[in-house]
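Q: I have a model open and want to learn to read its features. Can you take me through it?

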Amino acid sequence: MSQKDFQDHQIRDEIKISYKYTMGGQSKFFIDLMNEKKLQGTKCKKCGKIWMPPRINCSDCYENTDWIELPQSGTIRVSTIVWYTTSDFIQNVPYGVAFIQLDDADTALLQGIFSENLVPSKVKKGQRVRAVFKRKEDREGKMTDFFFVPEDEYESWIEKPEYEGGK
Ligand SMILES: [Zn+2]
């Protein structure tokens, strides 16, 4: 049989996968985010470096860390505006994404930035931002439970029925 006589028979089927995964040593960050709207970082027992996102062991000196609650405001260190994304986030396009250094933290967290006036001047290095949370009944213990907004928009975001301010 030559190659051109070959007929490929295809059947459309579906695979459904149900699974769970663990956040391991970082679970406390997600549990306290979901239940208490806390942003928990970690502090190295030896060198004192404060990690956000939290690390269970310090990446600089390999010591254990302690949990430490961090302020919910910070500063954009690097940012961009997203126009192309996955299906989970397509309804939000365009939105900002930034590395945000929370006040007191030594490292920066990658998180979404929403703004009522999404222009590069609102999502740029040095911009002060504050965390806004989904309502308790909508929080799932995921990174999408919260996002950041420019500090001067905070009050108007937390007035929306689907969101809440932090502490
Ligand atoms: Zn350290």
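Q: Which residues of the largest nonpolar core touch the most other members?
A: First, a caution: this is a predicted model. Now the general idea. In soluble globular proteins, nonpolar side chains tend to be buried together. Here the largest nonpolar core has 24 residues. Those touching the most other members are Ile-100, Leu-102, Ile-113, Val-132, Phe-148 and Val-149.

Q: Which elements give two or more residues to this core?
A: Two helices are on the list, α1 (27-36) and α2 (154-158). The strands are β5 (95-102), β6 (109-113), β7 (128-134) and β8 (146-150).

Q: What does Leu-102 touch, not counting residues up to four places away in sequence?
A: Its contacts are Leu-39, Met-52, Leu-70, Pro-71, Gly-74 and Leu-109.

Q: What is the strand order in the open sheet of 3 strands?
A: Read it as β2-β1-β3, with antiparallel pairing. The edges are β2 (50-51) and β3 (65-69). Each has a single partner strand, so one side of each lacks a neighbour in the sheet.

Q: How many bridges link β1 and β2?
A: There are 2, in the antiparallel sense, with β1 spanning residues 40-44. Look at Thr-42: it stands opposite Trp-51 in β2.

Q: Now the backbone. Which peptide bonds are cis?
A: Start with the general rule. Most residues other than glycine have a negative phi, and most peptide bonds are trans. Here, the bond from Met-52 to Pro-53 is cis, with omega near 10°. Pro-53 sits in the loop between β2 and β3. Val-93 and Pro-94 are also joined by a cis bond, with omega about -5°. Pro-94 belongs to the loop between β4 and β5.

Q: What is the phi of Lys-37, and what is that of Asp-104?
A: Lys-37 has phi near 55°, a positive value in a residue other than glycine. For Asp-104, also not a glycine, phi is near 85°. Lys-37 is in the loop between α1 and β1. Asp-104 is in the loop between β5 and β6.

Q: Is Lys-37 buried or exposed?
A: Buried: Lys-37 has 20 C-beta neighbours inside 10 Å, and 20 or more is the cut-off. Asp-104 has 14 inside 10 Å, so Asp-104 counts as partly exposed.

Definitions and conventions. Residues numbered from 1 in each chain as written. Predicted model: local features only at pLDDT ≥ 70, side-chain atom pairs only at ≥ 80, totals over all residues. Core = buried A, V, L, I, M, F, W, Y, C linked by C-beta atoms within 7 Å. Buried ≥ 20, exposed ≤ 12 C-beta atoms within 10 Å, placed from the backbone. Helix = DSSP H or I, 4+ residues; strand = E, 2+ residues; numbered from the N terminus. Contact = placed C-beta atoms within 7 Å. Pairing = 2+ DSSP bridges.
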